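We will go stop by stop.

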Amino acid sequence: MIKKIETLKRIIDVGVVAVVRASSSKEAIDIARASIKGGINAIEVTFTVPGAEDVISSLKKEFKSDEIIVGAGTVLDSETARIAILKGAEYIVSPGFDIETAKLCNRYQIPYMAGCMTITEIIKAMEYGVDVIKLFPGSVFGPSMVKDIKAPLPQAPIMPTGGVSLENVEEWIKNGCVAVGVGGCLTAPAKTGDYDKVTSIAKEFVSKVKKARE
């Protein structure tokens with residue numbers, strides 16, 4: 001199978017991407033470990049993490065290829081995307097849409113998930129080959145927005161980030177999202193060092209996504 005297609009399939013299969021924001025590289029790696037232990041093996045290391053590219057590289061070395069799908073998040077430009085890819089990032093996530101990043105990712109056959117808020121942005125992103133539309137921030141819209149987007153754009157692959165919780169994740173999935181990005185509500189316990197809680201929450205997210213798909 002083509003690597004890009006395989007990566008997308010694996011992310012969609014688990015249905016949850018752990019958005020890792022942390023104050024240190026160590027915290028980021030520990031969050032990733034806890035998330036993987038809980039069944040979320042799609043890890044998005046944001047470039048707000050100190051030494052994010054080294055975190056990506058470390059995770060790639062620690063885990064086997066079938067144990068983790070590591071990507072880079074908060075990628076604002078193609079230069080950062082290239083750095084992340086060279087360090088092993090298997091997909092690129094942006095808070096907005098950037099044409100040069102789209103071109104770069106297409107050039108190297110790396111999935112690109114671009115942040116969009118409007119129908120116009122979504123159409124433009126899809127025209128430039130964006131693989132997954134990151135509905136961001138999801139908290140502005142709520143799950144009902146997905147149905148409104150899917151009416152004129154049923155082909156749009158949507159993944160909300162921001163505003164996804166254990167209480168509404170099933171609604172997001174049932175409304176047509178291919179996956180969800182989960183940040184603070186998953187990783188918050190890490191601030192107090194409670195990584196077992198991160199694992200527990202990860203398990204709940206995976207379970208709820210699976211249930212919503214049944």
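What follows is a tour of helices, cores and loops.

This is a predicted model, where local features need pLDDT of at least 70 and side-chain atom pairs count only at pLDDT 80 or more, while totals for chains, interfaces and linings use all residues. Residues are numbered from 1 along each chain as its sequence is written, and side-chain values use heavy atoms, with hydrogens and water left out.

**Stop 1: α2 and α3**

Select residues 25-37, helix α2, and residues 52-62, helix α3. Helices here are DSSP runs (H or I, at least four residues), strands are E runs of at least two, and both are numbered from the N terminus. The axes of α2 and α3 come within 10 Å and cross at roughly 40°. That makes α2 oblique to α3. (Angles under 35 degrees count as roughly parallel, over 145 as roughly antiparallel, 65 to 115 as roughly perpendicular and the rest as oblique. Axes are lines fitted to C-alpha atoms, for helices over the stretch in contact, and angles run from 0 to 180 degrees between N-to-C directions.)

Which residues make the contact? On α2, show Ser 25, Ala 28, Ile 29, Ala 32 and Arg 33. On α3, show Val 55, Ser 58, Leu 59 and Glu 62. Contact means heavy atoms within 4.5 Å. These residues divide into five nonpolar, two polar and two charged. (Ala, Val, Leu, Ile, Met, Phe, Trp, Tyr, Cys and Pro count as nonpolar, Asp, Glu, Lys and Arg as charged, and the others, Gly among them, as polar.)

**Stop 2: α2 and α11**

Glu 27, Asp 30, Ile 31, Ala 34, Ser 35 and Lys 37 in α2 meet Tyr 195, Val 198, Thr 199, Ala 202 and Lys 203 in α11. Sorted by type, this contact has five nonpolar, two polar and four charged residues.

**Stop 3: under cover**

Go back to α3. Its buried residues are Ala 52, Val 55, Ile 56, Ser 57 and Leu 59. Buried means under 20% relative accessible area, exposed over 50%, partly exposed in between (1.4 Å probe, protein chains only). What covers them includes α2, β2 (42-46), β3 (69-73) and α4 (78-86).

**Stop 4: the cores**

The largest nonpolar core has 62 residues. Such a core is a set of buried Ala, Val, Leu, Ile, Met, Phe, Trp, Tyr and Cys residues joined through side-chain atoms within 4.5 Å. Those with the most contacts inside it are Ile 43, Val 45, Leu 59, Ile 92, Val 180, Leu 186 and Phe 205. A second, separate core of 12 residues includes Ala 42, Ile 69, Tyr 91 and Met 113.

**Stop 5: the loops**

Pick Thr 74, in the loop between β3 and α4. Phi of Thr 74 is near 55°, a positive value in a residue other than glycine. Is Thr 74 buried or exposed? Thr 74 counts as buried, at 18% relative accessibility.

Now take Gln 109, in the loop between α5 (99-108) and β5. Its phi is also positive, near 55°. Gln 109 is partly exposed, at 40%.

Next, center on Thr 118, between β5 (112-116) and α6 (119-127). Draw a line from its C-alpha atom to that of Tyr 108: the separation is 27 Å.

Finish at Pro 137, in the loop between β6 (132-135) and α7 (138-141). The peptide bond from Phe 136 to Pro 137 is cis, with omega near -10°.
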